[in-house]
Amino acid sequence: MSIPFLKGHGTENDFVIVPDPDNALDLTPAAVTALCDRRSGIGADGVLHVVRSAAHPEAERMAADAEWFMDYRNGDGSIAEMCGNGVRVFARYLQHAGHVTEGDLAVATRGGVKTVHVAKDGDITVGMGSARLPESDVTVSVGDRSWPARNVNMGNPHAVAFVEDLAHAGDLYSPPPFSPPSAYPEGVNVEFVVDRGPRHVAMRVHERGSGETRSCGTGACAVAVATARRDGADPAVTGTPATYTVDVPGGRLVITERPDGEIEMTGPAVIVAEGEIDADWLENAVR
């Protein structure tokens, strides 16, 4: 027996895509970890489990608004609330499979229903919702260096630190320490940010459960929000949308925050391969 899969990426944040409309697969944390292993598996930052909302207990309540549910898993097998690059790749898969065409669609996630626009030029725009900015003093550290960080929640937690040099983030193999521990009881995505020009920044990120990734969509949104507040460009105050270009190691994303708080992220999404997972291999890999 075999299990169909595809491989895709959004600004080099890469995913194994597992179509499973009826939610028939038992996708355990061990199975996800095996699939994401870059030496003994297919290799990815995470798994996009494609399920009809009506078939998944966590998404049934959203089925009237979104036919498809992005059951996203981090590379270590843990469950995540949202993944911005993942939503774009998820939408690209739905288009590739003939489930949707160019234009607007809705995708259910653990972070709520996300609106998506598939443009004719190939880019995909995702409505990421609004950011929450918990009022807490947070510090992140790498080695002997420490920085104040902005606490931004995009449906998942982020700590955004402005640094002089992206190299100061270190290797990002391990989660950067943060304080106080109570700020992020379930861990946090940490973004290190430098300026590149007017409304233009670059970032590196340690994603909770995945390590350093080539890109993080929710992280890019958190960075744009934090930078707008630092720059005195809060759209709710100015009444004008704030658009930032965010360079990530894997490419470039454009983030716009509107005066009503809604955030849109635009960037590429690519399907690079499809094939079959050997079911016997997967069974043996998780033993």
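The model is predicted, with local features needing pLDDT of at least 70 and side-chain atom pairs counting only at pLDDT 80 or more, while totals for chains, interfaces and linings use all residues. Residues are numbered from 1 along each chain as its sequence is written, and side-chain values use heavy atoms, with hydrogens and water left out.

Biologist: How many aromatic pairs does the structure hold?

Modeller: Rings of Phe, Tyr and Trp (its six-membered ring) pair if their centres lie within 6.5 Å, and planes under 30 degrees apart count as stacked, over 60 as edge-to-face and the rest as tilted. By that rule, the number of aromatic pairs in the structure is three.

Biologist: Which parts of the chain does the pair of Trp147 and Phe192 link?

Modeller: Trp147 and Phe192 form an edge-to-face pair, 5.7 Å centre to centre with 75° between the planes. Strands here are DSSP runs (E, at least two residues), numbered from the N terminus. The two residues are 45 apart and the pair links distant parts of the chain, namely strand S9 (residues 145–153) for Trp147 and, for Phe192, strand S12 (residues 189–197).

Biologist: Why is the pair of Phe178 and Tyr184 classed as it is?

Modeller: Phe178 counts as partly exposed at 25% relative accessibility, whereas Tyr184 is buried at 3%. Their ring centres are 5.2 Å apart and their planes stand at 85°, so the class is edge-to-face.

Biologist: Which residue lies over the face of Phe162?

Modeller: A charge sits over a ring if NZ of Lys or CZ of Arg is within 6 Å of the ring centre and within 35 degrees of the ring normal. Here the distance from the ring centre of Phe162 is 4.6 Å, and the residue is Arg230.

Biologist: What is the phi of Leu172?

Modeller: Most residues other than glycine have a negative phi. Leu172, found in the loop between strand S10 (157–162) and S11, is buried with a relative accessible area of 2%. Although Leu172 is not a glycine, its phi is positive, at about 60°.

Terms used:
Helices (H or I, at least four residues) and strands (E, at least two) are DSSP runs, numbered from the N terminus. Buried means under 20% relative accessible area, exposed over 50%, partly exposed in between (1.4 Å probe, protein chains only).
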